[in-house]
Amino acid sequence: MAAGKSASAKAKKGTKTLVVVESPSKARTIGKFLGTNYKVVASVGHIRDLPKSKLGINIEENFKPEYINIRGKGDIIRELKKEAKGAKNVLLATDPDREGEAISWHIGHILGLSDETESRIVFNEITKEAIKNAVKAPRKINMNLVDAQQARRVLDRIVGYQISPLLWSKIRMGLSAGRVQSAALKLVVDREREIKAFIPEEFWKIAVQLAKKSGDTKEFTAKLSEKDGKKFIPSNKAEADEALAAMKAGSYSVKTVDAKERRRKPYAPYTTSTLQQDASIKLGFQTRRVMSVAQQLYEGVTIKGQGTLGLVTYIRTDSVRVSEEAIATAKTYITEHYGENYVGNNFYSNKKKDIQDAHEAIRPSYVHLRPEDIKDSLAPDQFKLYKLIWSRFVASRMSEAVYDSVAADIENGTYTFHSTGSKLKFDGFLKVYQTTLEDDEGNLLPELSIGEALDEKDVKAEQGFTQPPPRYTEASLVKELEEKNIGRPSTFVPIIATLTERRGYVEREKKALLPTELGFVVTELMEKYFKEIVDAGFTAGMEDRLDDIETEGRNWQGIVSDFYGVLAEELKVADAEIEKIKVEDEPTGEDCELCGKPLVFKQGRFGRFIACSGYPECKNTKPIVVKIEGVSCPSCGKDLVSRKSRKGKTFFGCSGYPDCTQVYWYKPVNKKCPECEALLVERKTKTTQYACSNAECGYKE
């Protein structure tokens, strides 16, 4: 009897399969797909890592990482061990990339799983079919992927923990250097150097309004392009006046006409970096915001009447490849909603060696879920980004846009003028994905014949000056990092955050990124003593070598050893030669109310703040507050000001704090709600909207 009872208990013990993922939201979505025979638990990211308090790498033992359980993860680790002990089977379902593979490897180590155990499952999208297929095909941990992640982690730790203390001792505490971070900073600094060194050059633009002498007399514009058969742009007023005088004395006739059909191919579906760029340009999202919202769409959103669905495929990818199944589904959707003539047969190739090609491009998981149909289930940011991803993918599978295009050269003596015009003939992919209009679009030229005389209707000559290259924005910096092979798309967000918020090397002026004085000082030091680390070519070459660990199984310790040999020598020289560098703090123009010494601006982890220059004797600090002109606190009548929370988030509150605790998370305006008399606040989307600050009111205009 006892034996029978024991056997029964044993049978009940192992009835479920444990599935481990990284995030709770992903766990909830997957759990609904798998049912009661599975228990899905989240590790909440990494559970083992290098210690923060020391280097954590035994250089003498072939760069052996000294991993520890992450502080604060004890309860999660205990839960994982408990669930694994009572499970029939364990499946590791972290993200399908290097980082995800490493997390699975660490979890496996904690749970006592062998690297040879077939416990790893991967999927590119969180759909019921993808999850069901994944659990049927577990594999071993891919150690090439793990080693590729370990190599990056160890290299970045060595650079950060070896050079950063040098910056602390020679410049100031709290600074850092990084294998990718420092190369990215140099790009921003170099661009600013170009701008400062730029010398504008004068030029003149001459355009003439022309029309046929008979028939279709619609006017069109032709721009001066050549003189004596060679490209010509007047470089001063004298050259412009000479051209104008010759034009007035001469006459215009058609030299050449080229009429043809022109086609525009749709863009490839998004990769991580192109999504970051397009969302920055079209939606005004910072890269961090893009990835945060994209992660929500990937992990799962509750859709009314359909449950929780992962709406997009995996969001960290370098590839533009799309599965045959997704292509077929898109073809069916396009045929049903737009017609067969809108179906394209487009092929897209990756620009460079792509080790992540096992991933698809970013696309909707369910193409039939149109953004407008599920708008009520999505937060505003989710809707905007989902619409962008959905439109881009559907457009990528559609036919080309077709234009009737005409280009003409018109001559007047020794001068030649060029004019173009085009008219959309078939919209194709533009039906769902709008791009910026070209200058000549919608302005088809009248029918012209060679030798035909034309009448001059008007002439404009405008002086201009060449402009320096523009400062980087987040979008253009991401594009440059990708093109120069610096870092990987998954690292772009933390790199930009480190340069701006965490270290104060770069500041934002609207969308532009400007290096601070500190950014210049650190870059100049790195250029002199650590040339390889800030060199884009060296960094790109290192990325390729690190990729080889994944694709070719190269020994990761050998790559780290080669790099460390150079770095160790440079550290010795730098430590001996660098003098103490003083970066002056910017004064606020006010004195400390506690000790009377000048107050200065300081850079902290979450942005700038005000502190006493008498530190450490005087530890007075306060946030930077900016008065909101024309708006008073409705509670006490004092000024309202903008502030920053401890985590760097901007909010608006009363200057009378702590006596008055009035606060707003959106910028208040000097206008009251017509329904409840509370202040309206400014809510910016594509347009500026005003909403009542009273959450219970709901008034908008």
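Me: How many residues does helix α8 have, and what does it span?
Reply: In this predicted model, helix α8 covers residues 237-249, which is 13 residues. From its first C-alpha to its last it reaches 18 Å, close to the 18 Å expected at 1.5 Å a residue.

Me: Which residues of α8 are buried?
Reply: The buried residues are A240, A243 and M247. Seen down the axis of α8, they fall within an arc of 65 degrees, so they line one face of the helix. An α-helix has 3.6 residues a turn, so residues three or four places apart point the same way.

Me: And what is exposed on the other side?
Reply: On that side of α8, the exposed residues are A238, K248 and A249.

Me: What covers the buried residues of α8?
Reply: The cover includes the strands β8 (202-212), β9 (220-227) and β11 (252-264), together with β14 (401-412), β15 (415-426) and β16 (453-465).

Me: Which side chain reaches a backbone nitrogen at the start of α8?
Reply: That is N236, with a side-chain oxygen within 3.2 Å of the backbone nitrogen of A238.

Me: Switching topic: how are α6 and α18 arranged, parallel or perpendicular?
Reply: The axes of α6 (residues 143-170) and α18 (residues 556-577) come within 10 Å and cross at roughly 5 degrees. The two helices are therefore roughly parallel to each other.

Me: Now α14. What length should it span?
Reply: Helix α14 (residues 489-502) has 14 residues, which at 1.5 Å a residue should span 20 Å; its end C-alpha atoms are 20 Å apart, which agrees. Its buried residues include P489, F492, V493 and I496.

Me: What follows α14?
Reply: It is followed by G504, whose phi is positive, near 70 degrees.

Me: Where is V506, and is it buried or exposed?
Reply: V506 is in strand β17 (residues 506-509). It is buried, with a relative accessible area of 4%. Setting aside neighbours within four places in sequence, V506 is in contact with L185, V188, L499, T500, L513, L514, P515 and T516.

Definitions and conventions
Residues are numbered from 1 along each chain as its sequence is written. This is a predicted model: local features need pLDDT of at least 70, side-chain atom pairs count only at pLDDT 80 or more; totals for chains, interfaces and linings use all residues. Side-chain values use heavy atoms; hydrogens and water are left out. Helices (H or I, at least four residues) and strands (E, at least two) are DSSP runs, numbered from the N terminus. The expected span of a helix is 1.5 Å times one less than its number of residues. Buried means under 20% relative accessible area, exposed over 50%, partly exposed in between (1.4 Å probe, protein chains only). The arc is that of the directions from the helix axis to the C-beta atoms. Contact means heavy atoms within 4.5 Å. A polar contact is a pair of N or O atoms within 3.5 Å; within protein, one must be able to donate a hydrogen and the other to accept it, and residues adjacent in sequence count only if both atoms are side-chain atoms. Axes are lines fitted to C-alpha atoms, for helices over the stretch in contact, and angles run from 0 to 180 degrees between N-to-C directions. Angles under 35 degrees count as roughly parallel, over 145 as roughly antiparallel, 65 to 115 as roughly perpendicular and the rest as oblique.
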